[in-house]
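Student: I have a new model open and would like to learn how to read it. Could you walk me through it with me asking as we go?

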Amino acid sequence: MAEEQPRVLTASVHDFRYFAALLRGVNFTNRANVSIAPDGFTVAVEEARCLSATAFVFSHVFDEFVYNPDAAQPSQSQPRAGGDGEPILTSFEIPLGALMECLNVFGTAGIAPGTSQKKKKQGDGDESDGGGGGKRADRKGKRRADADDAGGNATLDQWFAPGKGTGMRMSYAGPGHPLTLLVAEESGGPTATCEITTWDPEPRMELAFDSNAAVLKIILKSSWLRDALSELDPSTEKLTIIGNPPAPRGRAARSSAPPCLRLRAVGQFGSTEMDYPDDREVLETCECAQPVSFTYRFAHISRALRALQSSLKTSLRVDDEGLLSLQFMMPAPRRQGGQRSEAFIEFWCLPLDDQT
């Protein structure tokens, strides 16, 4: 009998809806880069060499997270850090749309934690071409004979808590192997085993945001930004972000001062302006030394709407060259022992060359 292939990654969680929400926030293009580290992994996508987004999935999001980089074949080239105490990384690419479809095989990936877990007839609703990869469903009693699968039905009780959401066990054996998912609604119910094709990683666009060069820093509730962007006309072509220094203390000075943050949308049917005053109920923090203004393609900014819909707070930063950074703090489910496992999604967007 052949020995079981050692796994680079093994991760399981009894309710994967929070994990699915993180992936959904960056699911606007199909091919995604996955980079695994000892403290979790990132899922990164990019579009048109102008927009990049990364979901940071930390190890404490899972009930079990085991990373063994030495399990990868030594002959395969993998990005690895230097010997100065830096962690060893394992990277590969996947069709993100296929992964989302696998997670939603029982129609439960889109149900928010704490809500009724009735099955949906329709799918996840994400617009994606799915790329590649395959999936195979196994009913109770049909156990897989392949030792590389994610454990089989015999050990479901070990990984999944019955009646507490849809559980998932994910494993990756290294370059040349698929990303394997075992999805189960409960330990005694139906299961689905999915194998998703992986590819060697390709060079990615690096948009490095320099915090020391930031000319605008704002933290606000995500709902304020989400409502504003959602109400804009779909024909909007450009979105200009305008920042002004906070007004000095005093009612008279505040009433005549320009808003700390202004969004100006321009489209085929005119323009719209939305102002955010220097009010703690609206903006938690605002740092801006002098007036700044940068314009972005609205089609790129609107890609962040999915992450906005699930997040609690947004950190908006712009550097002196106009690079926009949007960090979304995701609501964290309470883990065992009362501990919360926080995660976040970050977008980077380059400005338009013309500022007219």
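Tutor: Happy to. Let's start with a strand pair: β12 (residues 236–243) and β13 (residues 261–267) run antiparallel and are joined by seven bridges. This is a predicted model, in which local features need pLDDT of at least 70 and side-chain atom pairs count only at pLDDT 80 or more, while totals for chains, interfaces and linings use all residues. Residues are numbered from 1 along each chain as its sequence is written, and side-chain values use heavy atoms, leaving out hydrogens and water.

Student: What counts as a strand, and when do two of them pair?

Tutor: Strands (E, at least two residues) and helices (H or I, at least four) are DSSP runs, numbered from the N terminus. Two strands pair if DSSP finds at least two bridges between them. Strands of a sheet pair through backbone hydrogen bonds, either parallel or antiparallel. Here, Ile-241 has Leu-263 in β13 as its bridge partner.

Student: In what order do the four strands of the open sheet lie?

Tutor: The order is β14-β13-β12-β16, with antiparallel pairing. At the edges are β14 (270–276) and β16 (292–297), each pairing on one side only. From one strand to the next, the twist averages 20 degrees.

Student: Which helix lies across β12, β13 and β14?

Tutor: For angles, axes are lines fitted to C-alpha atoms, for helices over the stretch in contact (heavy atoms within 4.5 Å), and the angles run from 0 to 180 degrees between N-to-C directions. The helix is α4 (residues 222–230), running at about 170 degrees to β14.

Student: Is Ala-44 buried or exposed?

Tutor: Buried means under 20% relative accessible area, exposed over 50%, and partly exposed in between, with a 1.4 Å probe and protein chains only. Ala-44 counts as buried because its relative accessibility is 4%. Ala-44 sits in strand β3 (residues 40–47), and beyond residues up to four places away in sequence, Ala-44 touches Arg-31, Ala-32, Asn-33, Ala-53, Thr-54 and Arg-204.

Student: How many residues are in the largest nonpolar core?

Tutor: A nonpolar core is a set of buried Ala, Val, Leu, Ile, Met, Phe, Trp, Tyr and Cys residues joined through side-chain atoms within 4.5 Å. The largest one has 86 residues, and Phe-41, Phe-62 and Met-170 are among those with the most contacts inside it. Helix α2 (residues 96–103) gives the most to this core, with six residues. Another core, of six residues, lies apart from it and includes Met-205 and Trp-348.
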